[in-house]
Each structure stands twice: as structure tokens, then as C-alpha cells.
Amino acid sequence: MTKLSLPGTAQASPRSVLEAVGNTPVLWVDEPFATAPAGFWAKLEGFNPGGIKDRAALHMVARAHERGVLRPGAPVVESTSGTLGLGLALAGVLHGHPVHLVTDPGMEPIMERMLAAHGAVLHVVDRPHPQGGWQEARRQKVAALLTALPGSWSPDQYNNPDNVAAYEGLAAELADQLEHIDVLVCAVGTGGHSSGIARGLRRRMPRLRLVGVDTIGSTIFGQPARPRLMRGLGSSIYPRNVDYAAFSEVHWVAPGEAVWSARCLAVRQFATGGWSVGAVALVAGWLARTRPPGTRIAAVFPDGPHRYFDTVFNDDYCRAHGLLGARPPTRPDTIDAAGSREVTRWTRCTTVTDPTQAPVSSNAGAQR
């Protein structure tokens, strides 16, 4: 069994795959989103073996071992849309844990095969929960598996503060690489990396502004929950790890807009990714065009393009869902409050509140 250690630190064994986690590069991105000298820096988390959530998976497992709540050889059980599953599969291989992953029919076939190849056992729920959608259905299946598998443990990525703490290393890397950052742009799903990176950076850059990127149909920031095509960002539940007070503004992006952006990145920069990367790049590019000259913007690209072979980069899939040929507008719509109306395209809001605490407008969810 490999000795537990944290990503981005010196490793005991020079042959361990742990050395491949962390210390990811940054890339300057201008075209096609901005014209030089405007642009933004992209942190390429796709250079990790499985993506950005390798950091969280390894950290949560390490901390659970330290606390004694995860025993040697015990099963690990978690709900995932894919990327955290890869990280947990990595942790299972390294530290000798059987890994059970609960997903839904929206998981890409290539991701199912990759997870199975790395030894994970997949459990696919067959119907969404009436209120909480697929995510709540997956969480209930996790609870059932925890009862059925003696000694099993779940990291509970939506609510585990170790998921946030896992990104302190990424924040330190960004600070060392860029020295100063004015605006940080992050996709938001569980809330782990947006909260953790911003918290770490603000120790050195207290005036940092955090911009969140969500998908239409996600309830995280107070929109009504709807069926969602995009994986890896958004939620039909309210994760406790989302630090609402940390955000200066939030943007919602539609699937076709994210596809256009991800494909443009592939053509113009070669470095690209899937839904989250496309959405984040679209927002970061607009910020680069509209913020004062000299504003230093960092955007986190959570993974690379490979798992999106069947979706974002598949013409048949995109055509079937009406995602081809729709160039996004040059600027987002703006709303005053998340609950003022339901958004269906790229939209921003500079008033960010916790929807579980703030009152919701009476016309929330109305189309107009």
C-alpha cells in the first residue's frame, strides 16, 4: 500500500503516480475570446491523471485515514458525474480500497469504461428523485450502499469541508505562477474548488474577486432546477460547500454556448476541455474584454477534452440536442437577482445570495 500524502508535495516514492497530481501549468488565452494584449490565464487541471478532482479525492481519503473513519481496505462509496470518480478510483488503486460509484444514465459511455478499467464498481440509478433529480437519487443510493457494505465510508463531496481544503495547494500554485490575480473564474458544482482556491488566494490577495460559472437549469444560485445536459457543473441540490459570500458575481451558461467555446479553444489554443471548460472560458474571455487594461484574470479549467468524445465533440450528439452553429452573444444578459426570472442563455447577476436563506421572488421561474 502506498504511503498517504498530499498532491503537490514531495513524495516518498519517485515512482508513485501521486507525483503526477498537482503542479499543473497555466496557459495564456486571448483569441478567440479577446484581442491581445487582453486575455486571461487558464490553469490546466486536465494535466492531472484524472482532472481537478484528483486533488479532492486524495485529500479527503487521506484525512479520513488520519481521523480513523476510513479503515484499511474498507469500501469507498460516492455519487459522481465522472471526474471525482476518476480521482477516487486513483485513490482506491493507490491505497487498496474497493471503490463503488453511483451515477445516472447521463454519464458518458467513455467515462463508464474508464472507471471500470480502473477497478471501480458502477451503480446506475434508473430514475430521478421527484424533487432532487438525479443527484438526490444518487445520494439515496449511496446511503443504501453504505448500509449494505460493512465498514464503508463516503466522502460526501457536496458537504465535506475537506473537499474545500483540498484546493489550498492549487491556490498556492496559482499564486506562485501568476504572483497577482485580480479576478478568479471557476465553475461551480459541489463548491469545493471555487471556495478552496478563493480562500487560499485571498490570504495573499485580499481584494481578489471571485466569479462563479453555473449552467442553466441549476439550482445552486437560486434558479429553478431543470434537467441539465452539462456535467461537472451545476446541481439540483444545495451543496453546503458553496461559499456564497465569496462570490462577486455569477454567470449561467447554456450548453450550446459552452460547446461553441470549447470547440473554439480546441481550434485556436489546442488546450480545451468539456462543458465546464467551455463555460468558464466564455465568461473569462468576456471579463478580459471588458475589465480595465492590466486586470489579471485566472480561470480554472477542471479537465481536458477526452471524456467528452461522445458529447461536446460529437457532431451527431450536438446536432440531436440543437447545440451546433449557435455562436454566443458578445455579452451576457443581466438580471438583478437570481430569482427574478428563469434564464435560458448566458446571463450574469452581481447580487449573489444563499438561496436557502434568502427569500425567493414570487415570480421566480417565470419565463420572460
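## Close-up views of a predicted model

View 1. At 27% relative accessibility, D156 counts as partly exposed, a class that lies between buried (under 20% relative accessible area) and exposed (over 50%), with a 1.4 Å probe and protein chains only. This is a predicted model, in which local features need pLDDT of at least 70 and side-chain atom pairs count only at pLDDT 80 or more, while totals for chains, interfaces and linings use all residues. Residues are numbered from 1 along each chain as its sequence is written, and side-chain values use heavy atoms, with hydrogens and water left out. D156 is not a glycine, yet its phi is positive, at about 50°, and its place is the loop between helix 4 and helix 5 (161-165); helices (H or I, at least four residues) and strands (E, at least two) are DSSP runs numbered from the N terminus. N23, which is likewise not a glycine, has a positive phi of about 55° and belongs to the segment before strand 1. With a relative accessibility of 56%, N23 counts as exposed.

**View 2. The whole protein, for orientation.** The protein has 10 helices and 11 strands, and its C-alpha trace spans about 50 × 45 × 40 Å along the principal axes. A compact globule of 368 residues would have a radius of gyration near 21 Å, and the 19 Å of the protein agrees with this; the radius is taken over C-alpha atoms, and the globule rule is 2.2 Å times the number of residues to the power 0.38. Of the 368 residues, 58% count as buried, while the protein exposes about 15200 Å², of which carbon and sulfur atoms supply 53% (Shrake-Rupley method, 1.4 Å probe). Among contacts (heavy atoms within 4.5 Å) between residues at least 6 apart in sequence, 70% join residues at least 24 apart.

**View 3. Strand 2 and its two partners.** Strand 2 (residues 40-44) is mostly covered, with 4 of its 5 residues buried. Strand 1 (residues 26-29) pairs with strand 2 in the antiparallel sense over 4 bridges, where pairing requires that DSSP finds at least two bridges between the strands. In this pair, V29 has F40 of strand 2 as its bridge partner. Strand 2 is also joined by 4 bridges to strand 9 (residues 297-301), and these two run parallel; here the bridge partner of W41 is A298 in strand 9.

View 4. The peptide bond from E31 to P32 is cis, with omega near 5°, and P32 is found in the loop between strand 1 and strand 2. The peptide bond from A36 to P37 is also cis, with omega near 10°, and P37 too is found in the loop between strand 1 and strand 2.

View 5. An open sheet of 3 strands has the order 3-4-5, and the pairing is parallel. Strand 3 (76-79) and strand 5 (121-124) stand at the edges with a single partner strand each, so one side of each is left without a neighbour in the sheet. Neighbouring strands of this sheet are turned by 20° against each other on average, direction ignored. Strand 3 pairs with strand 4 (residues 99-103) in the parallel sense over 4 bridges, and V77 stands opposite H100 in strand 4. Helix 2 (residues 83-95) lies across strand 3 and strand 4, running at about 170° to strand 4; axes are lines fitted to C-alpha atoms, for helices over the stretch in contact, with angles from 0 to 180 degrees between N-to-C directions. Helix 4 (residues 133-148) packs on the sheet and touches strand 3, strand 4 and strand 5, its direction making about 165° with that of strand 3.

**View 6. Surroundings of H129.** H129 lies in the loop between strand 5 and helix 4. Leaving out residues up to four places away in sequence, H129 touches W134, E136, A137 and Q140. The C-alpha atoms of H129 and R139, which are 10 residues apart along the chain, are separated by 9.8 Å.

**View 7. Two nonpolar cores.** A nonpolar core is a set of buried Ala, Val, Leu, Ile, Met, Phe, Trp, Tyr and Cys residues joined through side-chain atoms within 4.5 Å. The largest core has 59 residues, and those with the most contacts inside it are L174, L184, I197, L201, F221 and W252. Leaving aside neighbours within four places in sequence, L201 is in contact with A171, L174, A175, I181, L184 and L208. Apart from this core lies another, of 40 residues, among them F40, V253, C264 and A281.
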